[in-house]
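Student: I have not worked with this one before. Could you take me through it step by step?
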Amino acid sequence: MPRVKSSSKRPGTQGKSGFVRIISGQWRGRKLPVQDVEGLRPTTDRVKETIFNWLAPHVRGSRCLDLFAGSGGLGLEALSRYAEQVTLVEMDRGAAEQIKKNLLTLGSSQGQVIQADAVSWLQGPTTPFDLVFLDPPFRRELLPQVCDLLEARGWLAPDALIYLEREKEMQDLPLPGTWQCLKDKQAGQVCYQLYQREGNQV
């Protein structure tokens, strides 16, 4: 079942439930329930598999941030692959509570769920992350501000990896000059890219 992503539209609105599947690692094959909140959009398992093929040498032992967590699919996948700690930030209350329940089901204490607006949260106290997932709601113009805050406020480790997903029609996205694009693919109307800070090679 595809992962769903968060939007600020009508927070708390709940419909039927779906599932997110863990692709690999200690919880490989596990299916976990997802709140189907109005305005959420899917990311396919195929894309997620590509992302983690890119990241395979770098997840174990890393500190990760899943900033628009939605179902928590990327953050949970990182935990399954032995990330040291994952912070999942999600604005929708129902979606955030479901991620907490799924962490309890998995018996994981390495995941921290924060119900908050991502832009506001990034302006608070900082701690650097090794790996950041950015998959915000489309057509909200959130990425430029979020990327600037990540860089300017010290959220990124010196050689941090940043996964970024955006709509195809978003052109000329301004990004910090210290970010180097390592991977760039498209699936339908979705573009997804991997960056590394300070130009270090993966």
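Tutor: Let us begin with a term: buried means under 20% relative accessible area, exposed means over 50%, and partly exposed lies in between, with a 1.4 Å probe and protein chains only. The model is predicted, so local features need pLDDT of at least 70, side-chain atom pairs count only at pLDDT 80 or more, and totals for chains, interfaces and linings use all residues. Residues are numbered from 1 along each chain as its sequence is written, and side-chain values use heavy atoms, with hydrogens and water left out.

Student: What share of the 202 residues counts as buried?
Tutor: Of the 202 residues of the protein, 55% are buried.

Student: And how many helices and strands are there?
Tutor: The protein has 5 helices and 11 strands. Both are DSSP runs numbered from the N terminus: helices are H or I with at least four residues, strands are E with at least two.

Student: Which residues touch the most other members in the largest nonpolar core?
Tutor: They are Ile51, Leu55, Ala78, Phe133 and Tyr163, in a core of 32 residues. A nonpolar core is a set of buried Ala, Val, Leu, Ile, Met, Phe, Trp, Tyr and Cys residues joined through side-chain atoms within 4.5 Å.

Student: Which element gives the largest share of this core?
Tutor: Helix 1 does, with 5 residues. A second, separate core has 28 residues, including Leu65, Val146, Trp155 and Ala160.

Student: What does phenylalanine 133 touch?
Tutor: Leaving out residues up to four places away in sequence, phenylalanine 133 touches Ile51, Phe52, Leu55, Leu65, Asp66, Leu67, Leu74, Ala78 and Tyr163. Contact means heavy atoms within 4.5 Å.

Student: Now helix 2. Why is it described as largely enclosed?
Tutor: Helix 2 is largely enclosed by the rest of the structure because 8 of its 8 residues are buried. Among them are Gly73, Glu77 and Ser80.

Student: What comes just after helix 2?
Tutor: Tyrosine 82 is found there, with a positive phi of about 75°. That is a positive value in a residue other than glycine. Tyrosine 82 sits in the loop between helix 2 and strand 6, and is partly exposed at 38% relative accessibility.

Student: Changing topic: how many salt bridges does a search of the whole structure find?
Tutor: The search finds 4 salt bridges. A salt bridge is a side-chain nitrogen of Lys or Arg within 4 Å of a carboxyl oxygen of Asp or Glu.

Student: Which residue pairs with arginine 81?
Tutor: Glutamate 77 does, and the closest N and O atoms are 2.9 Å apart. Arginine 81 is buried at 17% relative accessibility, and glutamate 77 is buried at 0%.

Student: What about glutamate 97 and lysine 100, how far apart are their closest N and O atoms?
Tutor: Those atoms are 3.5 Å apart in a salt bridge. The two residues are separated by about one helical turn, because they are 3 residues apart in helix 3. Glutamate 97 is partly exposed at 34% relative accessible area, and lysine 100 is partly exposed at 36%.

Student: Where does glutamate 151 come in?
Tutor: Glutamate 151 forms a salt bridge with arginine 197, with the closest N and O atoms 2.9 Å apart. Arginine 197 is in strand 11 and glutamate 151 in helix 5, so the pair ties together parts that are 46 residues apart in sequence. Both residues are buried.
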